[in-house]
Amino acid sequence: MTVLAIYNQKGGVGKTAATVNLAYLAAEEGKRTLLWDLDPQGAAGFYFQAASTVKNEAKKILTNEMDLAQSIQESGYENLDLIASDISARNADVILSELKQGKRRLKAALTPFKNEYDVVILDCPPGLSILHDHIFAAADWVLIPNIPTTLSMRSFDAVVQHFGDSNIDPNKIRAFFSMVDHRKNLHHEVLNGHHRNKTFLKNYIPYLSDVEKMGTQLAPVATYAYSSYAAQCFRDLWKEIKKVTQL
Ligand SMILES: Nc1ncnc2c1ncn2[C@@H]1O[C@H](COP(=O)(O)OP(=O)(O)OP(=O)(O)O)[C@@H](O)[C@H]1O
Ligand SMILES: [Mg+2]
């Protein structure tokens, strides 16, 4: 089982879009895949038209009042299961800080499934809090989508610094560019400036209306726009992620 966290300190950078599409592609090629939505906004679940089935489910998972197995749902796609989120996850920090399990609550919750899934993909809320330290401990790889702007890169550097300060292995980090707008010079400059940076993957996700349409289609891009450029970009990115993570 390989755990991939799709994370950025910043919001609205394409984390959920990447999570949903990469999880779908993993499952499509036969990998037993679990998508765990950790964001109280519940957007990843929404794209699969799934919601928590028990009141305060997300909170109960974190406190171990509810077994993770009980919260796993079928996504409607072969090989792809998911854990939906809900607003009760908004206090995840407080909940986790009261637990005496170090930073390993999520890791401990996933351990019983290590022979059941090939890939677990975590859709992370934005921020850099106690919840995120649990995420970083559980993840084999932390994949960071970045919009190529100066402020984005600043925030990315702060995350790398946090890994160093907190003794988290920075080799877990891989970044990729997302929502790249070819009409913007700054996007080109930032992209070119990171060309030789080995932490950054070569493939990126452009700003494309076929990705935006996920909001109305409520499905991964490849299901409604199979031959589109957007679907191809996610396939190329997934291929590179598999190579890097030896999946
Ligand atoms: N490559 C893209 N091209 C066009 N629109 C995109 C792209 N990626 C994401 N979007 C749109 O941008 C918005 C934010 O994307 P998304 O929800 O994936 O970001 P996020 O990082 O998960 O946000 P949050 O921090 O709120 O969880 C959504 O409306 C989504 O449809
Ligand atoms: Mg999101």
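In this predicted model, the largest pocket is the space taken by ligand 1. The shell around ligand 1 holds 18 residues, of which V13, K15, T16, A17 and P206 come nearest. By residue class, this shell divides into ten nonpolar, five polar and three charged residues. Three elements, α1 (15-28), β8 (205-206) and α10 (209-212), each supply at least two residues of the shell. The greatest share comes from α1, which gives three residues.

Several polar atoms of the protein lie beside ligand 1. On the backbone, an N or O atom of G12 lies 2.9 Å from an oxygen atom of ligand 1. A polar backbone atom of P206 is found 2.8 Å from a nitrogen atom of ligand 1. From a side chain, a polar atom of D39 lies 3.3 Å from an oxygen atom of the ligand. On its own, ligand 1 has 630 Å² of accessible area, and the protein covers 82% of this area.

The strands of the model were examined next. Strands of a sheet pair through backbone hydrogen bonds, in either a parallel or an antiparallel manner. Here, eight strands form an open sheet with mixed pairing, in the order β3-β4-β2-β5-β1-β6-β7-β8. Strands β3 (72-74) and β8 stand at the edges with a single partner strand each, and therefore one side of each is left without a neighbour in the sheet. Strand β1 (residues 2-6) pairs with strand β6 (residues 141-146) in the parallel sense, over three bridges. The bridge partner of L4 in β6 is W141.

How values were computed
Residues numbered from 1 in each chain as written. Chains lettered and ligands numbered in written order. Predicted model: local features only at pLDDT ≥ 70, side-chain atom pairs only at ≥ 80, totals over all residues. Heavy atoms only, no water. Near = heavy atom within 4 Å. Polar contact = N/O pair within 3.5 Å; in protein donor to acceptor, adjacent residues only side chain to side chain. Areas by Shrake-Rupley, 256 points an atom, 1.4 Å probe, with all protein chains shown as cover. 1 Å grid on protein atoms, 1.4 Å probe; cavity = no way out; pocket = protein on both sides within 12 Å on 5 of 7 lines; lining within 4 Å. Sits in = over half its atoms within 2 Å of the grid points. Helix = DSSP H or I, 4+ residues; strand = E, 2+ residues; numbered from the N terminus. Nonpolar A, V, L, I, M, F, W, Y, C, P; charged D, E, K, R; others polar. Pairing = 2+ DSSP bridges.
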